[in-house]
Amino acid sequence: MLGLAPFQPLSDPQETPTPQVKANSCWSGPALILGLCLPQVVKMTSSDQERAQFLFVKALASRGRLEAVTQQMGYHPQYLDSFLKMQHYLLHMDGPLPFACRHYIAIMAAARHQCWYLVNLHMLQFLRVGGDPQWLRGLDFMPPKLRNLNEINKILAHRPWLISKEHIEKLLKISEQSWSLAELVHAVVLVAHYHALASFVFGCGCEQEWLDGRSILKSTLPGNQCFCESASGNSCNLEFGTRTSLDSCVELESLRERIQRIHLETEGREETRPPQDREEGNPKGQAGDLPGEGGLFFPSDFDGEIVRATDLSCYVQDPDFGYQDFARRDEDQTQLFRVQDYSWEDHGFSLVNRLYSDVGHLLDEKFRTVDGLQSNAMAKRQGCESSVFKRGIWNYIHCMFGIRYDDYDYAEVNHFLERMLKVYIKTVTCYPEKTSPEMFRRFWKQFKHSEKVHVNLLILEARMQAELLYALRAITQYMIS
């Protein structure tokens, strides 16, 4: 990450007034801290405010902290609801992949864009669900089956149009390390989700805020007590689905002791090794299971704090592989992905639901929710209808990945989206790690903070759907070949 000035979080004072808390209200103590983080959007109805508060309580109860992404999405509670339900299902409910593998795939996907925020977040969750700390040393230390996912992860992150049925066939036919179709669909959805979420993290400034240490609301709760128990003295069972999140109400003290024990065992093994073996076995300064000066370090004061990575290169294969412009005037137009031939509604939705039950419905709800968010003020500033403005952003993002709609006039993109807005959208979509605070400030002056978040939600969902369309089309071609 370049040495850039930090983003200004929640920069519009008129949108974030200090909440008024009544005496004897449940919004006191730890709950008051939560209330201070609640975004209050202009013309936000009381029901929307209550919904945002409820979703924030759920998120805090599940993880012991209110993450920066959740705070930003709280400007649009309806979307936050569908986002949290889908992400919870992907990570914590019954599915083809083991829980630890899900978090490791999230780490692999986020590392492609050098997203420290998401990598460190899922390193902690990986350990919480019993993941092997050895895997956190990098790709060379994880099982070959997961390592084989690298190629698809790399292609979907930067040039999804290159994915083919041959890539799918290779993963499904590698003897003992082969993937099942259901496992592969689960992995593809995770990869696309975290690539797109990395764009949102950079686009809304969560990454820079995290690096500056401002984005995480630290837990002050007793070791095994959930948020609602601490705030009200009553037990609770907050959940999104049919069972509680696996990392809900985790005993942080026990986790800290486990990490310290592993670290002590590692030091003991290092002391018994000859000096020359230590040097040869750790050319990059990686010492043992949980290296301190190499790839990772774990603070001794592990009180709910995020486990931090100091170098993400150990999770990235072929780091020079990046986005290249799809649109070239001299290229063969047959390479275009035409939505009329393969669409989410007619093809992708049913395939995902068939191989990974219910995820198709959750993804579809999320796509429809972001499309239904109101953007009248933004559209008016651009001189067009809300639906025209949103479709222009969505189709522009898909166009950058070679996806075209035959029924759309692409002249509208240049007409309704000013140049600086398009530059920002392309940067956040295609190489989010290059997004700078200066870019954020230069062409967003006329937007409120909630509107900036809205545009970044459109980027998130359009990018995720683009990656899914290419991956699911390749799976479909493999299945019918």
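Student: Is Thr427 buried or exposed?

Tutor: The model is predicted, so local features need pLDDT of at least 70 and side-chain atom pairs count only at pLDDT 80 or more, whereas totals for chains, interfaces and linings use all residues. Residues are numbered from 1 along each chain as its sequence is written, and side-chain values use heavy atoms, with hydrogens and water left out. Buried means under 20% relative accessible area, exposed over 50% and partly exposed in between, with a 1.4 Å probe and protein chains only. Because its relative accessibility is 8%, Thr427 counts as buried.

Student: Which backbone oxygen does the side chain of Thr427 reach?

Tutor: Thr427 lies in helix H20, residues 419-430, where a helix is a DSSP run of H or I with at least four residues, a strand is a run of E with at least two, and both are numbered from the N terminus. Leaving aside neighbours within four places in sequence, Thr427 is in contact (heavy atoms within 4.5 Å) with Pro432, Lys434, Thr435 and Met439. At 2.8 Å, the side chain of Thr427 reaches the backbone oxygen of Val423.

Student: How many disulfides does a search of the whole structure find?

Tutor: A disulfide is a covalent bond between the sulfur atoms of two cysteines, and the criterion here is a pair of cysteine sulfur atoms within 2.5 Å. The cysteine sulfur closest to that of Cys115 belongs to Cys206 and is 8.7 Å away, which is too far for a bond. Cys206 is in no disulfide either, its nearest cysteine sulfur being that of Cys204 at 5.6 Å. For the whole structure, the number of disulfides found is zero.

Student: What relative accessibility does Cys206 have?

Tutor: Cys115 counts as buried because its relative accessibility is 0%. Cys206 also counts as buried, and its relative accessibility is 0%.

Student: How far apart are the end C-alpha atoms of helix H22?

Tutor: The expected span of a helix is 1.5 Å times one less than its number of residues, so the 32 residues of H22 (residues 449-480) should span 46 Å. H22 is also mostly covered, with 27 of its 32 residues buried.

Student: Which residue with a positive phi follows H18?

Tutor: H18 covers residues 386-400, and its 15 residues should span 21 Å, which agrees with end C-alpha atoms 22 Å apart. H18 is mostly covered, as 12 of its 15 residues are buried, including Phe389, Trp394 and Tyr396. The residue that follows H18, with a positive phi near 80°, is Gly402.

Student: What relative accessible area does Asp318 have?

Tutor: Asp318 is placed in the loop between strand E2 (308-309) and strand E3 (337-338). Although Asp318 is not a glycine, its phi is positive, at about 55°. Asp318 counts as partly exposed because its relative accessible area is 34%.

Student: Where is Asp358, which is not a glycine and has a positive phi, placed?

Tutor: The phi of Asp358 is about 75°, and Asp358 is partly exposed, with a relative accessible area of 38%. The place of Asp358 is in the loop between helix H15 (344-355) and helix H16 (359-372).

Note on methods: A polar contact is a pair of N or O atoms within 3.5 Å; within protein, one must be able to donate a hydrogen and the other to accept it, and residues adjacent in sequence count only if both atoms are side-chain atoms.
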